[in-house]
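Here are my notes on this one, in the order I'd go through them with the model open.

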Protein chains: 2
Amino acid sequence: MNGPRNRETGEDRLIARFFKPLASHPGALGLTDDAAFIAPPPGCDLVLTTDAIVGGMHFFPDDPPGQLARKALRVNLSDLAAKGARPLGFLLSLVLPGDVSDSWLSSFAAGLQADAETYGCPLFGGDTDRTPGPLTISIAMFGAVPAGTMVRRAGARPGDRVMVTGTIGDAALGVKLRRGAAWKLPLEAREHLLSRYLVPQPRNELAAALRDHASAAMDVSDGLAGDLTKLCRVSEVAASIEVAKLPLSEAARAVLAAEPALLETILAGGDDYEILCTVAPGKAESFRAAGASLKVPLTEIGVVAEGEGARFLDGGGNPLPLSHLSYSHF
Amino acid sequence: MNGPRNRETGEDRLIARFFKPLASHPGALGLTDDAAFIAPPPGCDLVLTTDAIVGGMHFFPDDPPGQLARKALRVNLSDLAAKGARPLGFLLSLVLPGDVSDSWLSSFAAGLQADAETYGCPLFGGDTDRTPGPLTISIAMFGAVPAGTMVRRAGARPGDRVMVTGTIGDAALGVKLRRGAAWKLPLEAREHLLSRYLVPQPRNELAAALRDHASAAMDVSDGLAGDLTKLCRVSEVAASIEVAKLPLSEAARAVLAAEPALLETILAGGDDYEILCTVAPGKAESFRAAGASLKVPLTEIGVVAEGEGARFLDGGGNPLPLSHLSYSHF
């Protein structure tokens with residue numbers, strides 16, 4: 001209701017120029033229709049998720065547009081991975097500030113297209129709008145699992161092993177670096193932490209193995225401590241984690257050695273986009289083997305018990321007092 | 001990355017308090033998981049669409065929250081209606097400014113819930129975030145059609161009748177009233193125009209009849225002139241509309257009589273959320289009967305021909321010169 005009016009609207013131009021190449025599925029109709037269609041894979045449930053990222057909240061204004069596009073897509077891909085689902089496609093709602101240029105859009109679309117191809121997750125439709133506020137990228141993604149097999153947060157049972165992929169805490173430390181933390185670190189370690197924040201590495205290759213082995217799973221987006229607490233709550237169990245077993249990168253170990261209080265950032269900082277799951281003891285060995293063959297690092301960090309809440313135990317078996325469990329924008 | 005950190009994050013509280021009651025489908029898992037699941041209806045294609053509304057662009061800051069919720073949902077419902085699809089559910093990405101109160105959220109959720117029930121379109125999942133910018137509501141909606149029957153924009157053929165539901169131009173005139181247009185109008189007429197802008201009335205009851213009769217269809221969101229032009233382009237046809245046949249409300253007729261130049265606002269202003277479709281001559285009578293039995297007003301406004309572009313003809317059969325075809329935020 002505020003914009004100029006043109007014969008060929010700017011939105012049509014934007015879509016045809018930058019986003020049509022991403023709409024490779026015939027049901028997307030080249031983004032020339034009100035909606036898209038897809039025949040659901042036979043015998044499958046659809047898995048549905050949505051996540052938005054907002055300038056100044058989830059990324060810095062000077063983050064490269066191609067990386068933002070990847071991040072927006074990957075935070076959703078990570079949800080599908082944790083649910084054991086294969087990506088089918090996504091819808092994009094792109095809310096742009098007035099100063100976005102064609103070259104920005106071109107880089108953004110190129111990043112999005114590269115990941116859409118890598119993850120087999122084409123664009124099915126979208127909406128572009130202007131805002132006087134910050135860039136806001138909302139993605140709704142849909143995937144598929146064999147009917148009835150979506151891996152849930154509820155399902156962890158006493159005795160299950162708690163496992164996590166990759167390393168924890170890197171992205172949260174990366175944010176602190178972006179904000180000027182003056183840690184003495186080799187360039188490589190800095191780069192590692194920064195890149196872990198900038199571009200998540202979702203674990204979609206693990207989806208089928210999760211369906212076969214995990215009793216419960218979720219992706220770690222708001223911090224391991226808070227996310228494990230949520231998993232325990234809906235599973236109606238407790239979990240004990242041995243902090244000494246947490247998988248940390250060399251860079252995170254170096255930072256933690258110099259500043260032990262950062263353990264809380266590592267545990268509660270979020271943006272990990274690793275998978276947290278619980279696995280029955282009898283399936284742990286087979287799950288580890290699956291992880292190894294997929295080259296996805298898996299670490300057993302603790303155990304599920306009766307009760308409630310997640311405890312993080314130090315070397316002496318004493319619970320760490322954590323003042324916060326996770327990040328929240330609220 | 002900016003917010004405070006709490007044991008029970010504010011987002012969890014928001015979701016549990018305001019949005020969980022909308023998640024009536026068992027596959028939504030009470031919004032306690034990373035994702036939702038749904039078994040697609042057998043023999044159906046899924047129809048996917050997304051539309052966002054942004055404060056200051058698509059609505060006024062003082063619009064009631066319950067009405068905003070309805071508008072956000074209904075602009076998507078209108079897309080499904082035009083495609084002949086039955087709504088199955090939606091995902092909500094809600095990006096909130098800092099000054100949103102619990103009572104605002106409560107009204108917003110109540111409006112959303114009322115429409116979710118009315119249209120049989122439950123909430124499957126969502127994401128809430130903070131923004132320093134305006135309220136932004138992105139909805140991704142999915143529906144179903146019997147396989148292969150989604151009504152497309154492409155498909156209009158020379159000789160088809162051009163038809164439209166309801167009345168055209170009311171919402172665009174409503175915006176002008178909101179901005180202070182000093183037309184002399186009865187209170188009832190003012191209210192009619194204002195409400196047509198505030199809360200669209202999507203034509204979902206017509207979906208099955210569209211599948212059975214329409215050769216092409218779309219919803220009118222950016223203005224009849226521009227939207228018909230788009231339909232003609234992808235159908236590779238031309239259309240001629242007799243302006244005298246346009247269905248106008250009494251209120252719109254009164255405004256137009258006083259200020260004839262507003263015809264362009266009526267034709268190109270948008271926000272109608274009526275359905276524009278083309279119907280083969282042999283099916284027109286049956287379609288009219290279906291509309292009548294559903295109590296959806298249908299008006300034949302013109303005809304499809306070979307060629308390209310949409311022409312709007314005055315009483316003498318001469319094309320009106322339109323300086324703009326549709327609204328655009330770009």
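1. R178(B) is partly exposed, at 28% relative accessibility. Here buried means under 20% relative accessible area, exposed over 50% and partly exposed in between (1.4 Å probe, protein chains only). Its salt-bridge partner is D63(B), with the closest N and O atoms 2.6 Å apart; the term stands for a side-chain nitrogen of Lys or Arg within 4 Å of a carboxyl oxygen of Asp or Glu. D63(B) sits in the loop between β2 (44-54) and α2 of chain B, and R178(B) in helix α4 (residues 170-178), 115 residues apart. D63(B) counts as buried because its relative accessibility is 3%.

2. Before going on, the ground rules. This is a predicted model, where local features need pLDDT of at least 70 and side-chain atom pairs count only at pLDDT 80 or more, while totals for chains, interfaces and linings use all residues. Residues are numbered from 1 along each chain as its sequence is written, chains are lettered from A and ligands numbered from 1 in the order written, and side-chain values use heavy atoms, leaving out hydrogens and water.

3. On confidence: chain A averages a pLDDT (the predictor's confidence in each residue, from 0 to 100) of 93, and 95% of the residues score at least 70. Residues 1-8 of chain A fall below 50, though this stretch has 34 contacts in the model beyond near neighbours in sequence; contact means heavy atoms within 4.5 Å. Where pLDDT is low, the predicted coordinates should not be read in detail. For the complex, ipTM and pTM are both given as 0.94.

4. How are the chains related? A rotation of 180° with 0.0 Å of shift along its axis puts chain A on chain B, RMSD 0.0 Å, by least squares on the C-alpha atoms of residues with pLDDT of at least 70 in both. That is the relation of a two-fold axis. In chain A, the C-alpha of G133(A) is nearest the axis, 1.9 Å away. The copies meet through the same surface, because 100% of the interface residues of chain A are also interface residues in chain B.

5. Back to charges: there are 38 salt bridges over all chains. One of them joins D34(A) and K83(B) at 3.1 Å, N to O, so to speak across the chains. Both D34(A) and K83(B) are buried.6. Last one: R203(A) is buried, with a relative accessible area of 12%. R203(A) and A81(A) are 122 residues apart in sequence, yet 5.9 Å apart in space, C-alpha to C-alpha.

Key
Helices (H or I, at least four residues) and strands (E, at least two) are DSSP runs, numbered from the N terminus.
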